[in-house]
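Colleague: I am new to this one. Can you walk me through how to read it?

Modeller: Gladly. Have a look at it, then ask away.

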Amino acid sequence: MTSPVWHPYAHLLTQPAAPRVVGGEGPRFTLDSGETLLDATCSWWCMIHGYAHPRLVAAIKEQADTLCHVMLGGLTHEPADRLARELVRVTPPGLNHVFFSDSGSVGMEVAMKMAVQYHHLRGRPEKHRMLSLMKAYHGDTSGCMAVCDPEEGMHSLFAGYLPSHHFAPAPTAPYDADADAVAHDLAALRTVLERHHHEIAALLMEPLLQAAGGLNMTSPSYLTGARELCDEFDVLLVFDEVATGFGRTGRLFAADHAGVTPDIMVLSKGLTGGYLGHAATLATDRVHDAFIGETPRHAFMHGPTFMGNPLACRVALESLSVFEEENYLEKIAGLNQVLRTELLEDPALRRHPRVRDVRVLGATAVIEVDDAAGLEGVAAFARARGVWLRPFGRWLYTMPAYITPEVDMRNITGVMKDWFR
């Protein structure tokens, strides 16, 4: 019987039948066919603890016995209050205020609305456009689509429907570039700000790792320079850490590599360890305090139904506890070493005629090819070897769960390399 489920990013005419998952444990999930597949993508980068983690499952069950949901409008509850305090504790200094929502895309919508209203309340209503970077991806909702890469991104079909914003060139200097090498990227950013700062409310960026836009990896010095430019031109700096947050780049947050505090930071994916949808948009006192006033326009007019959901807050708290108590940053460093050794330092892979580049940052690795056709069939190839890989475009990547053992990591990287043999 054909399922009525409409799958994402799927060509309805040619899509194969989706494998049916019936369970999972650790870094693997199990299909109804009996197959067990090693998940090299941890379910779009969010299942950082793997499947069926006993502490996270127990936290959801325990919270369900007490309170599954209540509106956050005019009410509050202990899990939301405690999670907000914990997020203020672990994020860069100064992010003292937390607005909850239910997905990374909505968290970014919140950030953009917050930035526009901030300037309006300061008497600068003309500052109502965003500045984003080429190669950016910030989500699939309308506001987010408008700040994704308009040329190579997946939303060009909707160009006539979307509002118009500004874009700066994607940074090109790699992670380990020195400040001088980043100067060209920052000069390009400055040029856009000089021309359009009078109408720009915020600069949006995925710090260090532009994920779904092609896994572009950039320098901490770019973050430092961007912070200085935003201060110079009275533009808020927004970090989209939906993909990079909670360890993916090797630090708890990508901002930590540069010691930079953005004005607004958005978190999701790893926030709950992937066990429930949830997001948080954090803001500094500077942003938050602009909303303190007597007029009706001082109220921030946004309120997702499931914001601050008690189940999601409770499992997020447990996820963070596991991360800290079990020293996940050390685990991530171990994953990074395997990825560097097996992929980045493999001369045969780097010299392969179809391979344009190999990049590694934290618990992320990508093999970029010249032509997307060169990756057709790789998912089936990997599945036959017990690994779930889902490339996109010209990028064959892995973002594994942080609990993935070394032997499994070498299995993942081996399958990725075998495709090019």
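Colleague: How does the radius of gyration of the protein fit a compact globule?

Modeller: Start from the chain length. A compact globule of 421 residues would have a radius of gyration near 22 Å. This protein has 21 Å, so the two agree. Bear in mind that the model is predicted. Along its principal axes, the C-alpha trace spans about 65 × 55 × 45 Å.

Colleague: What share of the residues counts as buried?

Modeller: Buried means under 20% relative accessible area. Here 53% of the 421 residues fall in that group. The accessible surface comes to about 18300 Å², and carbon and sulfur atoms hold 55% of that.

Colleague: How many helices and strands are there?

Modeller: The protein has 13 helices and 16 strands. Now look at contacts with a separation of 6 or more: 72% of them join residues 24 or more positions apart.

Colleague: How many side chains are positive, and how many negative?

Modeller: There are 36 positive and 50 negative side chains. The centres of the two sets lie 3 Å apart.

Colleague: Which feature does UniProt place at K269?

Modeller: The unreviewed entry gives "modified residue: N6-(pyridoxal phosphate)lysine" at K269. Find K269 in the loop between β11 (264–267) and β12 (279–284).

Terms used
Residues numbered from 1 in each chain as written. Predicted model: local features only at pLDDT ≥ 70, side-chain atom pairs only at ≥ 80, totals over all residues. Heavy atoms only, no water. Helix = DSSP H or I, 4+ residues; strand = E, 2+ residues; numbered from the N terminus. Rg over C-alpha atoms; globule rule 2.2 N^0.38 Å. Buried < 20%, exposed > 50% of the residue type's maximum accessible area, 1.4 Å probe, protein only. Contact = heavy atoms within 4.5 Å. Areas by Shrake-Rupley, 256 points an atom, 1.4 Å probe, with all protein chains shown as cover. Lys, Arg positive; Asp, Glu negative; His and termini not counted. Charge placed at Lys NZ, Arg CZ, Asp CG, Glu CD. UniProt positions renumbered as here; feature names shortened; annotations may be inferred.
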